[in-house]
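These notebook entries record what I looked up, one topic at a time. I set down each term where I first needed it.

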Amino acid sequence: MGKAFGVEIQQRGSAVRILGPAAGAVSAARALRALADRVDRGHVLDSVEVHHVIRALVADPTTDVASLFDEQLGMNAEGRAVSPRTPNQRRYLAALRTQDVVFGVGPAGTGKTYLAVAAAVAALRRGEAKRIILTRPAVEAGEKLGFLPGDLSEKVDPYLRPLFDALHDLMPVDRVQKMFEKRVIEVAPLAFMRGRTLSNAWVLLDEGQNTTREQMKMFLTRLGHQSKMVVTGDPSQIDLPRHVGSGLLHALDVVADLPTVGVVRFTSADVVRHPVVAEIVDAYARFEGKAT
């Protein structure tokens with residue numbers, strides 16, 4: 001921690017001494033107080049959480065670190081609190097509370113899909129939604145699922161695995177299975193959404209960058225009463241053929257200024273996986289920038 005703020009931190013028993021420039025010392029002290037407060041409340045810190053408190057203060061010394069942890073979406077299956085870890089994640093959750101349609105856009109590992117699923121599960125528990133609908137472009141732009149073996153669920157399972165992983169982290173596996181059986185949680189290929197009106201639901205579209213313009217327009221116009229739509233995607237990982245425009249990028253140009261649409265753009269500073277993932281994201285961005 002000391003290196004990040006350009007200071008030296010000395011510990012003797014329960015006392016901590018910070019040596020170095022005033023600005024860095026103040027930020028280091030704020031980080032230590034915020035983390036100590038978490039521990040005093042019975043929270044078990046992990047290295048990722050510590051890392052993000054440090055990164056938040058390095059990026060903006062005025063960040064209210066304590067407020068990052070004020071909002072909780074409940075507990076995951078292991079009994080750990082689910083809460084935002086970066087200022088952008090906090091803005092994302094605020095948008096999910098207040099906007100009818102929300103776009104979470106940015107690199108892998110920023111929590112945009114996980115937090116959307118967590119918010120949907122929390123809404124279900126509060127009785128604010130009757131079901132959760134999960135969808136994702138399955139096979140490039142064409143949605144050609146017929147050649148895959150199995151029934152509809154088995155065909156789309158591999159493509160929706162990240163969403164399933166989030167659900168299983170948030171709830172016991174047997175409970176998730178029961179919700180699928182009762183159709184409280186539903187998975188559907190994007191192509192099968194045409195003609196439907198999705199009411200009283202949280203509808204999550206993952207990997208939105210791999211939708212075509214037509215698919216994205218079709219999806220967004222499925223929104224029914226008492227529903228929310230969340231679209232997540234990473235514009236740097238578009239798998240569509242070069243001549244096919246991304247529906248996500250097009251939608252951001254078309255609807256982003258509407259008052260009921262929220263857009264939160266994540267950066268490498270929001271990566272909540274291993275710290276090296278953020279470095280990899282930045283390295284790719286620099287390389288692609290030079291190539292361009």
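I began with helix axes: these are lines fitted to C-alpha atoms, for helices over the stretch in contact, and angles run from 0 to 180 degrees between N-to-C directions. I also noted that helices (H or I, at least four residues) and strands (E, at least two) are DSSP runs, numbered from the N terminus. The model is predicted, so local features need pLDDT of at least 70 and side-chain atom pairs count only at pLDDT 80 or more, while totals for chains, interfaces and linings use all residues. Residues are numbered from 1 along each chain as its sequence is written, and side-chain values use heavy atoms, with hydrogens and water left out.

**Entry 1: a helix pair**

I looked up how helix H2 (residues 22–40) packs with helix H3 (residues 47–59): the angle is about 145 degrees, and the axes are 10 Å apart. On the H2 side, I found Ser27, Arg30, Ala31, Leu35 and Arg38 in the contact, and on the H3 side Glu49, Val50, Val53 and Leu57. Contact here means heavy atoms within 4.5 Å. I sorted the residues of this contact into five nonpolar, one polar and three charged. In that sorting, Ala, Val, Leu, Ile, Met, Phe, Trp, Tyr, Cys and Pro count as nonpolar, Asp, Glu, Lys and Arg as charged, and the others, Gly among them, as polar.

**Entry 2: the nonpolar cores**

I needed two terms here. Buried means under 20% relative accessible area, exposed over 50%, and partly exposed in between (1.4 Å probe, protein chains only). A nonpolar core is a set of buried Ala, Val, Leu, Ile, Met, Phe, Trp, Tyr and Cys residues joined through side-chain atoms within 4.5 Å.

Which residues touch the most other members of the largest nonpolar core? I found Tyr92, Leu167 and Trp202, out of 36 residues in that core. The elements giving two or more residues to this core include H5, helix H6 (112–126) and strand S4 (131–136). H6 supplies the largest share of this core, 10 residues. Apart from this core lies another, of 22 residues, among them Leu198, Ala201, Val231 and Leu252. As a general point, nonpolar side chains in soluble globular proteins tend to be buried together.

I then followed Tyr92 beyond its neighbours within four places in sequence; its contacts include Val102, Leu115, Val230 and Phe266.

I located Ser227 in the loop between helix H10 (213–220) and strand S7 (228–233). Ser227 counts as buried because its relative accessibility is 7%. A polar atom of the Ser227 side chain lies 2.8 Å from the backbone oxygen of Leu198, and the side chain of Ser227 also reaches the backbone nitrogen of Ala201 at 3.0 Å.

Gln226 is likewise in the loop between H10 and S7. Is Gln226 buried or exposed? Gln226 is exposed, because its relative accessible area is 62%. I noted a positive phi of about 55 degrees for Gln226, although it is not a glycine. In general, most residues other than glycine have a negative phi.

**Entry 3: two further loops**

I found Glu207 in the loop between S6 and H10, with a positive phi of about 55 degrees although it is not a glycine. Glu207 counts as partly exposed, because its relative accessibility is 23%.

Leu190 sits in the loop between strand S5 (185–189) and strand S6 (201–205). Leu190 counts as buried, because its relative accessibility is 0%.

Definitions and conventions: Polar contact = N/O pair within 3.5 Å; in protein donor to acceptor, adjacent residues only side chain to side chain.
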